[in-house]
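Please look over the structure shown below before using its coordinates. The briefing that follows treats its layout, its confidence and a few selected sites in turn.

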Amino acid sequence: MWALDYLSNFCTVASTRSKRKPMQTVEIKVKMDCDGCERRVRNAVSTLKGVKTVEINRKQSQVTVNGHVDPNKVLKRVKKLGKRAEFWPYIPQHLVYFPHASQAYDKRAPAGNVKNVTQGFPSSDPPEHERLVTMFSDDNVNACSVM
């Protein structure tokens, strides 16, 4: 039996079908003013191959596409309509370590969201000046190591 499997490897023709893209969610920010704009964007995106669902929130200018699609193709299709489009730049506020930093805060962001910017996380070691300040703490009088 194993001989047939071995020989069949030489006789089979390689498949030219490409692998299917993974299921993913693509969020895009698109300025839409009216029902006509919304309908044009929905029709353009839903005709892409692999799209399962299209959700549009006109108030937040957000288009969410679920399916086996390439995010760049979705963005390109929306830009073809003459709309200014970009990937969704906002993330929920609770995922950011410093949500009120100057780069992250945006007045135009939907409620509870901030810009998706990379922020440095504090190191696990406290800086030298914080270690010295806690050495002379009034909260713990026995912690003073100098006296």
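From the N terminus on, the elements of this predicted model run α-β-α-β-β-α-β-β-β-α, and the protein has four helices and six strands, where helices (H or I, at least four residues) and strands (E, at least two) are DSSP runs numbered from the N terminus. Because this is a predicted model, local features need pLDDT of at least 70 and side-chain atom pairs count only at pLDDT 80 or more, whereas totals for chains, interfaces and linings use all residues. Residues are numbered from 1 along each chain as its sequence is written, and side-chain values use heavy atoms, with hydrogens and water left out.

**Confidence**

- The mean pLDDT of the protein, pLDDT being the predictor's confidence in each residue from 0 to 100, is 78, and 68% of the residues reach 70 or more.
- Confidence is highest in strand E2 (residues 51-57), at a mean of 94, and lowest in helix H4 (residues 128-135), at 62.
- Where pLDDT is low, the predicted coordinates should not be read in detail.

**Overall burial and contacts**

- Of the 147 residues in the protein, 26% are buried, a class that means under 20% relative accessible area, while exposed means over 50% and partly exposed lies in between (1.4 Å probe, protein chains only).
- The protein exposes about 11,600 Å², of which carbon and sulfur atoms supply 53%; accessible areas come from the Shrake-Rupley method with a 1.4 Å probe, and for residues only the protein chains shown count as cover.
- Among contacts (heavy atoms within 4.5 Å) with a separation of 6 or more, residues 24 or more positions apart account for 52%.

**Helix H2**

- The twelve residues of helix H2 (residues 35-46) should span 16 Å at 1.5 Å a residue, and the end C-alpha atoms are 16 Å apart, which agrees; the expected span is 1.5 Å times one less than the number of residues.
- The buried residues of H2 are Cys37, Glu38, Val41, Ala44 and Val45, and they lie on the same side of H2 because they cover an arc of only 135 degrees around the axis, taken from the directions from the helix axis to the C-beta atoms.
- These buried residues pack against strand E1 (24-30), E2, strand E3 (62-67) and helix H3 (71-80), whereas the face of H2 turned away from the buried side carries the exposed residues Asp35 and Arg39.

**Cysteines**

- A search of the whole structure finds zero disulfides, a disulfide being a pair of cysteine sulfur atoms within 2.5 Å.
- Cysteine 34 is in no disulfide, and the nearest cysteine sulfur, that of cysteine 37, is 3.6 Å away.
- Cysteine 34 counts as partly exposed at 35% relative accessibility, whereas cysteine 37 counts as buried at 11%.

**Selected loop and strand sites**

- Serine 61, found in the loop between E2 and E3, has a positive phi of about 60 degrees although it is not a glycine, and it is buried, with a relative accessible area of 11%.
- Most residues other than glycine have a negative phi.
- Asparagine 66, in strand E3, counts as buried at 18% relative accessibility and touches Gln24, Thr25, Gly50, Val51, Lys52, Thr53 and Glu55, not counting residues up to four places away in sequence.
- Arginine 108, in the loop between strand E5 (90-92) and strand E6 (113-115), counts as exposed at 67% relative accessibility.
- Arginine 108 and glutamine 60 are 48 residues apart in sequence and 9.4 Å apart in space, C-alpha to C-alpha.
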